[in-house]
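Dear colleague,

Please find the structure below for your records.

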Amino acid sequence: MKKTMYEKIWDSHLVVEVPGQAPLIYVDRHLMHEVTSPQAFEGLRLSGRPVRNPHSILATMDHCVPTKNRHLPIADPIAKKQIEVMAENCLENGLNLYDMKNPNNGVIHVVVPEHGFVHPGMVVVCGDSHTATHGAFGALAFGIGTSEVEHVMATQTLPQQKSKTMLIQVNGKLSKYSSAKDIALAIVGKIGTAGGNGHVIEYAGDAIKELSMEGRMTLCNMAIEAGARAGLVAPDEKTYAYLQGKEFAPKGANWDLAMAYWQSLPSDEGAVFDTVITLDAADIAPQVSWGTSPEQVVGVNGSVPSPDSFDNEGKRKACESALAYMGLTPNTKMTDIAIDLVFIGSCTNGRIEDFRIAAEVAKGTKVAAGVQAIAVPGSYHVKSQAEAEGLDKIFLDAGWEWRDPGCSMCLAMNGDELTKGQRSASTSNRNFEGRQGKGGRTHLVSPAMAAAAAAAGHFVDIRELA
Ligand SMILES: CC(C)[C@H](C(=O)O)[C@@H](O)C(=O)O
Ligand code: SF4
């Protein structure tokens, strides 16, 4: 039988399937951060069970860590406690932790690929929805809840229902002003935040093959915003080149063995998907979200929609309440929306390529009067690489702040936040009410779009800058 990549990974990880129960699958890699692990460790402690395979785990501190003055004690008592508990739990269980001051520290989904910890064909979990990021390597990677984190730590397995399969075929060539982020937003805009429900998405087509590994990570990261369980891209030469030589990548004869498996993973020609969606990359303009859901998005040359433009009652209501929260009026041109803050960072767009593109746009500009612009590298490695290339200087000269790594203003758990009514251009993945601070208004964009908005003080159609 012809199989999709998802089905191949599923079949090779199925431990047992008992009628009436969820199938049990084997887990290769378990990623951790300070927010969703404490109760799981506590559960293990109470039941007197050890971590079954400490080597399968890589942990970091990212959500609560300060992005400046890291040498000072953490002021927020909750954040401080979470950081301390994480360090104790990892020490007690012999886990590999990149703590706040470790040169490998950063956002979990940025750090893990940097060390080659996830390989094609693996099953990867983390108590975090954006685990989908690692699907860029052709690994089945998805978020789990805290009780499941405990289950995986204790058993290295997970009860899991099999998903349906969705192929999203992105044909043609992306314009040089659009990026993986714009593909991701355009997909969510097209199929909606429930469009991928119950499915694992495989992204394919020429535009996907063209993407760098960083771009594929950005794309798979947002599979979750399209409602899917996970996103996948078939491994290819770019994947192998990225992994080769990395700390946790197989070496010598093991590399050859691994390659033989990896090369068997891509979906068979003619394999059948439950759902197929097709997009033309050339149609994807730089995107800007206007609402409080990532599906509420338009091309930058578009306008804020009117609730009447939706024929579905639910979407009409959602538009009305989003516009009220966002303080926007229908038919306002996206390029007429003024912003107060710009954030470049997160596990969606906090990688070196993102800072290179943003720096290219920011070079020689000045942050507009009244606007604050912060650049938060996804990891210390991204930070030092950017500094080696002189990118920090470009940002600083333009009036940006150059911070230490972390989730930062992606979800405002570390004190970096918008104040009530402030409006951001943000390269993160979620624009829910209050996501970046109570009453804060988020517009999701690509790094290039964010950098252009910082200089202009409003959104700009970057295709017209050239
Ligand atoms: C804190 C964590 C559980 C959460 C997630 O699951 O995604 C966070 O990372 C987010 O992006 O909202
Ligand atoms: S950067 Fe944002 S999306 Fe990514 S793990 Fe952190 S909070 Fe979640």
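Domain bounds here come from an automatic or database domain assignment. On that basis the protein chain is divided into domain 1 (5–159), domain 2 (164–283) and domain 3 (287–464).

This is a predicted model, in which local features need pLDDT of at least 70, side-chain atom pairs count only at pLDDT 80 or more, and totals for chains, interfaces and linings use all residues. Residues are numbered from 1 along each chain as its sequence is written, while chains are lettered from A and ligands numbered from 1 in the order in which they are written.

The C-alpha centres of domain 1 and domain 2 lie 22 Å apart. Their contact (C-beta atoms, placed from the backbone, within 7 Å) takes 22 residues from domain 1 and 29 residues from domain 2.

Ligand 2 is surrounded by 13 residues, the closest being Ser 346, Cys 347, Cys 407, Cys 410 and Leu 411; a residue is near a molecule if its C-beta atom, placed from the backbone, lies within 6 Å of it. Domain 1 and domain 3 each contribute at least three residues to this shell.

Helices (H or I, at least four residues) are DSSP runs, numbered from the N terminus. In helix H14 (residues 380–388), the buried residues are Tyr 380, His 381, Val 382, Lys 383 and Ala 386; buried denotes 20 or more other C-beta atoms, placed from the backbone, within 10 Å of the residue's own. Their cover includes helix H4 (108–114), helix H13 (352–362) and helix H15 (391–397). After H14 comes Gly 390, with a positive phi near 80 degrees.

Yours sincerely

How values were computed:
A residue is buried if 20 or more other C-beta atoms lie within 10 Å of its own, exposed if 12 or fewer, and partly exposed in between; C-beta atoms are placed from the backbone. Helices (H or I, at least four residues) and strands (E, at least two) are DSSP runs, numbered from the N terminus. Two residues are in contact if their C-beta atoms, placed from the backbone, lie within 7 Å.
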